[in-house]
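Here is a short report on one protein chain, for a reader who has not seen it before. Please look over the sequence and the model first.

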Amino acid sequence: MPALASPAHASYDAVIVGGGHNGLVAAAYLARAGRTVLVLERLGHTGGAAVSTRPFAGVDARLSRYSYLVSLLPRKIVDELGLRFAVRKRTVSSYTPAERGGRATGLLVGGGADRTRESFAALTGGDAEYAAWQEFYATTLRVAERVFPTLTEPLPERAELRARIDDEAAWRMLFEEPIGAAIEERFADDLVRGVVLTDALIGTFADAHDPSLLQNRCFLYHVVGGGTGDWDVPVGGMGALTDALADAARAAGAEIVTGHEAT
Ligand SMILES: Cc1cc2nc3c(=O)[nH]c(=O)nc-3n(C[C@H](O)[C@H](O)[C@H](O)COP(=O)(O)OP(=O)(O)OC[C@H]3O[C@@H](n4cnc5c(N)ncnc54)[C@H](O)[C@@H]3O)c2cc1C
């Protein structure tokens, strides 16, 4: 590591490797707790995978470059660190194009309950899949309400979390059995199954029936955020959020040095 130009301290209580959002949150809390903190970031800027860019020449629009939706940031952290940033609700969650009987079609999730129901009916030829969808996500919503607050509490024991969820069928489906089983049991349409499974498989190399339950963990992270499972769009892109985090860390006294790789 190159020597720091002018370190504020001869030594630090905490040196954080990497100025992504997790490093910045840790830096802000440690500095607020009175520790001397140094963040070393390899790149020339903080933010990690949560950064913004201005992709259109001549248009002053800051958009997310990689990570782009906020769900898992607890309100408690926003309030405690005094983060000044805003999110907007999405009207459409997803649209999945498909072909049925040589005809181009697709599945719309969002745009209002009526449009979603109509889209399910047009794709599947009935209301059963949409009814199953509503029931499935009513269950995940109840789990979200109970699980999300634990993300900022001491990690609960397994039995404690199970009691807190207080729904044996939901517990089995999400925490005990590969989620592929529940999805195949509840949904008949392969495209609908695929849309539900996206939240379980994306970014993993797991499959729906992986005995490791890695896919269940991935699924849970996608449905518990904010206690609702909503994914909101950060105004100014993810970089607006990580800039606010870096500001909070600096305001609390943390030193952030970019262009310094820890080896
Ligand atoms: C394409 C993509 C889309 C995603 N979409 C979303 C989304 O919409 N919503 C969401 O919540 N999550 C999303 N994620 C996941 C999310 O981006 C990550 O969970 C998050 O960025 C992890 O934050 P972090 O601070 O732990 O690590 P990172 O963001 O990876 O930051 C790590 C930082 O450490 C630095 N670093 C690494 N090694 C060193 C070293 N030796 N010395 C100094 N610095 C070092 C890196 O340069 C980097 O800046 C997405 C991820 C990807 C890749």
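The sections below cover the model, its domains, a sheet with a helix, and the contact between the domains.

## The model

This is a predicted model, in which local features need pLDDT of at least 70, side-chain atom pairs count only at pLDDT 80 or more, and totals for chains, interfaces and linings use all residues. Residues are numbered from 1 along each chain as its sequence is written, and side-chain values use heavy atoms, without hydrogens and water.

## Domains

Domain 1 spans 14–87 + 234–258 and domain 2 spans 126–227; such bounds come from an automatic or database domain assignment. Their centres, taken over C-alpha atoms, are 29 Å apart.

## Sheet and helix

Three strands form an open sheet in the order β1-β2-β9, with parallel pairing. Strands are DSSP runs of E with at least two residues, and helices are runs of H or I with at least four, numbered from the N terminus; two strands pair if DSSP finds at least two bridges between them. The edge strands are β1 (14–17) and β9 (255–258).

Strand β2 (residues 37–41) is joined to β9 by 4 bridges, and Glu41 has Thr258 as its bridge partner in β9. Helix α1 (residues 21–32) lies across β1, β2 and β9, at about 170° to β1. Angles run from 0 to 180 degrees between N-to-C directions of axes fitted to C-alpha atoms, for helices over the stretch in contact.

## Between the domains

In domain 1, 5 residues are in contact (heavy atoms within 4.5 Å) with 7 residues of domain 2. The two domains bury about 460 Å² between them, 73% of it on carbon and sulfur atoms; this is accessible area (1.4 Å probe) lost on being put together, summed over both. Ser71, Leu72 and Pro74 of domain 1 lose the most area to domain 2, together 80% of what that side buries.
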